[in-house]
Amino acid sequence: MYKYDQYDQAMVDARVEEFRDQARRRLEGRLTEDQFKPLRLMNGLYLQLHAYMLRVAIPYGTLDSRQMHALADIADKYDRGYGHFTTRQNIQYNWIKLEDAADILADLAKVEMHAIQTSGNCIRNISSDHFAGAAADEVVDPRPYAELLRQWSSFHPEFSYLPRKFKIAVIASEKDRAAMRLHDIGINIVTNDVGEPGAAFYVGGGMGRTPMIAPCINSFVPLDQLVTYAEACLRVYNRHGRRDNKYKARIKILVHELGAEEYTRQVEAEFAHLLDQGVEPPLAELERIKGYFEDPLFETAADSQIDRIDPDFALWIDRNTVAHKADGYVSAVISLKPVGGIPGDATAEQMRLMADLAKDYSFDELRVMHTQNIVLPHVRKADLHALWTALDAAGLGSPNLDTVEDIIACPGLDYCSLANARSIPVAQKISERFAQTGKTATLGELKLKISGCINACGHHHAGHIGILGVDRKGVENYQLLLGGSEAEDVSLAKITGPGFDENGIVDAVETVTTVYERERADGERFLDTYRRIGMNPFKEALYG
Amino acid sequence: MADTLRYRDDEPVDHPAVTVDSFLDQSNASAVRIEPGDDARELLPHLDRLALVEVNFPAFGDGRGYSSARILREAGYEGELRAVGDVLVDQLAYMRRCGFDAFEPDQRFDMEDVKSAFERWPEVYQKAADTRTSIWAKRHP
Amino acid sequence: MRLLTGNDLKTGAVTWWTGAEWSIHIEDAADVTGGEEEIARREESARRVNVPYAVDADIHDGSPRPSHIKERVRALGPTVRPDLTLKPADPEIGNWVI
């Protein structure tokens, strides 16, 4: 894992004191709310439905047990004993006081964490593949590139007042586990014909009210020009992105209106200019960072036998563990989606248990998934039973990775001031319904994603089944979408037709799964069947 | 008129800045004002006769002026680069890094706040338009 | 009726104007019809409230109940965590919100 040196530590410490001063000036009335708002947002502090909310970055989703313990301690000391893991590898606390915020940032800085640029019109937390460094299929570990970009984007003097927020994801395998092409910039580390590594840049993706899949604008940027190329992409956006309408201000609209070709031409011109400006760190810096991401000392003769005699354990193994690059190891997913629970929420006690288990069984490392679950990336197969036993006793053993119960849901109207409808109760009812009917098992991989408003924090555009909550004359109403994917087979979901009320949407989800069960060919996932047979059979079943 | 903070030793230009369009139409002005939508690169052929470029910030959240400033400095402009308008004290450090060396804010700054703003960052992560050495350069001397 | 609401600047807590001060309990809220702008301006500049705004409401079982569900969720707390609402012991309170 990356460790701060004295420079990194000095920067987060300075940021804490800067925010302490800003919060003090706000409380003294020397800053208006309009002036303070962008400053607090750039430190992750929102004014939400019930209180201030603090969003803490977990860069590229990686943290150790000491950091997870610190997150638990913050939940107990400053909040109400829990936190919410988000779709961009952050954690949010819902009940924060402005007068405590700087102290929380100081507590985070002690464990090399921060809330820098987790909101605001700036470059946000860089996200990555949650199986990085463990996945059997990756070209390289993408996290050193993400860390390089984290440092470049932190306190960037030119790009802190962008037209709109800016999200970057970095992956390094053909499988996309980070919704890479639905980011403002998605970077895929690839190798060229002669085996040299480089970066493919995808620019202008995103969800929100105008979902778009990012086109590839450069399939191979040499690694010693990575930062310069990103700087060129951002400068064109900062200068020419729309600022007249906040709903058209994301880079996807610029790329769409200019056309990918013209945007690329402008980026390449800016890039050619910037190459002479010395903005690129030397490759030695990338090598220095890579040194922190070397493999842990895997046992070469780790026992690969798993005793499957307990059927509950065997089911969890089949559903929640993923192939690892080292023999005798797997990555184990801790589901934060208990049936009827709140997707992504974890209590302080659960965080502490996950931290301790990571220390005991996963080389002291945890990951946050964009699907709001936690990964222990490097678990010996021989330790799985002990791990599962401990998780199950704490309500963390749900065997439902990538099933219909593994729902992404935004906080919705229960917590969010932007929401039009509640998301969480819908997620709870759906998981309860499918657990009750026993259909979770037979439906296989089915990604269901719920947003409580058009901003799409719950990724409804990318759900095999998506649900969008809207406000219909003051009453919550839910639209159903089908056919989205955030993975390497990326696609945007389409709305089925008129919306449903809260109970109606649960029935509607069940109805479309029934169509799938009737129509599916061998080995087809819900998404495959939808793509083959199209929308009509689903529409007929829903609306007659 | 608001006070101007200046971090240069030369004499300030004594005549008002003109718009980019007027500047390009006439040849005797040495001070120009860039609005957020103006293309700073249009000035590049004429840098040798410019002594003052004002970059206007009608709203503090519109960050186009940061790019304008860097583009001018990257092209070798050495005259005064002044941020004017809705400029907030919390923005000074980044503006300075983008090449601004004078500030004319709509609302007067508290000079203690200005001092802390400029002393805030012990290090910088990026190479920009100022003379500060980036962290990566210090790591790899 | 119109209610004036906002958040406490220091704590972020949702507050309601009672006619004399700010309360976290919507039962204490007073009708501000006609006076909302002046009260909001005065209270915000004194930093006794952050981002105040007025909402429509009516009287329901003798107490004010906002017309829009968002304001009812704000007044009570998250419907999915009754233990964290202002009325954790009232099993019927969800019906007041929905």
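This is a predicted model: local features need pLDDT of at least 70, side-chain atom pairs count only at pLDDT 80 or more; totals for chains, interfaces and linings use all residues.
Domain bounds here come from an automatic or database domain assignment.

Chain A is divided into four stretches: domain 1 at 6–110, domain 2 at 128–290, domain 3 at 311–393 and domain 4 at 408–543. Taken over C-alpha atoms, the centres of domain 1 and domain 2 of chain A are separated by 26 Å. Seven residues from domain 1 and ten residues from domain 2 make up the contact between them. On the domain 1 side, the classes are four nonpolar, two polar and one charged.

Next, the core. The largest nonpolar core has 229 residues. Which residues have the most contacts inside it? They are A:Tyr52, A:Leu54, A:Ala101, A:Val170, A:Phe201, A:Cys233 and A:Met354. Helix α6 of chain A, residues 226–240, contributes the largest share of this core, with nine residues. As general background, nonpolar side chains in soluble globular proteins tend to be buried together.

Take A:Tyr52 from that list. Leaving aside neighbours within four places in sequence, A:Tyr52 is in contact with A:Leu45, A:Tyr46 and A:Leu47, with A:Ile96, A:Lys97, A:Leu98 and A:Ala101, and also with C:Gly12 in another chain. A:Ala101 is itself among the residues with the most contacts inside the core.

Now the chain pairs. Two pairs of chains touch, and the most contacts are between chains A and B. Chains B and C have no contact, and their closest C-alpha atoms lie 18 Å apart.

For A and B, 27 residues of chain B are in contact with 32 residues of chain A. On the chain B side, α2, α3 and α5 (135–139) each supply at least two residues. Which element gives the most to that side? It is α2(B), with five residues. By class, the side of chain B that touches chain A has ten nonpolar, six polar and eleven charged residues.

Staying with α2(B), residues 64–74: why call this helix largely enclosed by the rest of the structure? Because nine of its eleven residues are buried. The cut-off for buried is 20 or more other C-beta atoms within 10 Å of the residue's own. The buried residues run from B:Arg64, B:Gly65 and B:Tyr66 through B:Ser67, B:Ser68 and B:Ala69 to B:Arg70, B:Ile71 and B:Leu72. Their cover includes α6 of chain A, and from chain B it includes β3 (31–34), β4 (52–57), β5 (80–85) and α3 (92–97). Just after α2(B), B:Gly76 takes a positive phi of about 100°.

The other touching pair is A and C. Here 22 residues of chain A are in contact with 20 residues of chain C. On the chain A side, the elements giving two or more residues are α4 (98–110) and α13 (424–437). That side has twelve nonpolar, three polar and seven charged residues.

Last, chain C. An open sheet of five strands has the order β3-β2-β1-β4-β5, with antiparallel pairing. Which strands are at the edges? They are β3 (22–23) and β5 (63–66) of chain C, each pairing on one side only. Strand β4 of chain C, residues 50–60, pairs with β5(C) in the antiparallel sense over four bridges. Within that part of the sheet, C:Ala57 has C:Pro66 in β5(C) as its bridge partner.

How values were computed. Residues are numbered from 1 along each chain as its sequence is written. Chains are lettered from A and ligands numbered from 1 in the order in which they are written. Ala, Val, Leu, Ile, Met, Phe, Trp, Tyr, Cys and Pro count as nonpolar, Asp, Glu, Lys and Arg as charged, and the others, Gly among them, as polar. A nonpolar core is a set of buried Ala, Val, Leu, Ile, Met, Phe, Trp, Tyr and Cys residues joined through C-beta atoms within 7 Å. A residue is buried if 20 or more other C-beta atoms lie within 10 Å of its own, exposed if 12 or fewer, and partly exposed in between; C-beta atoms are placed from the backbone. Two strands pair if DSSP finds at least two bridges between them.
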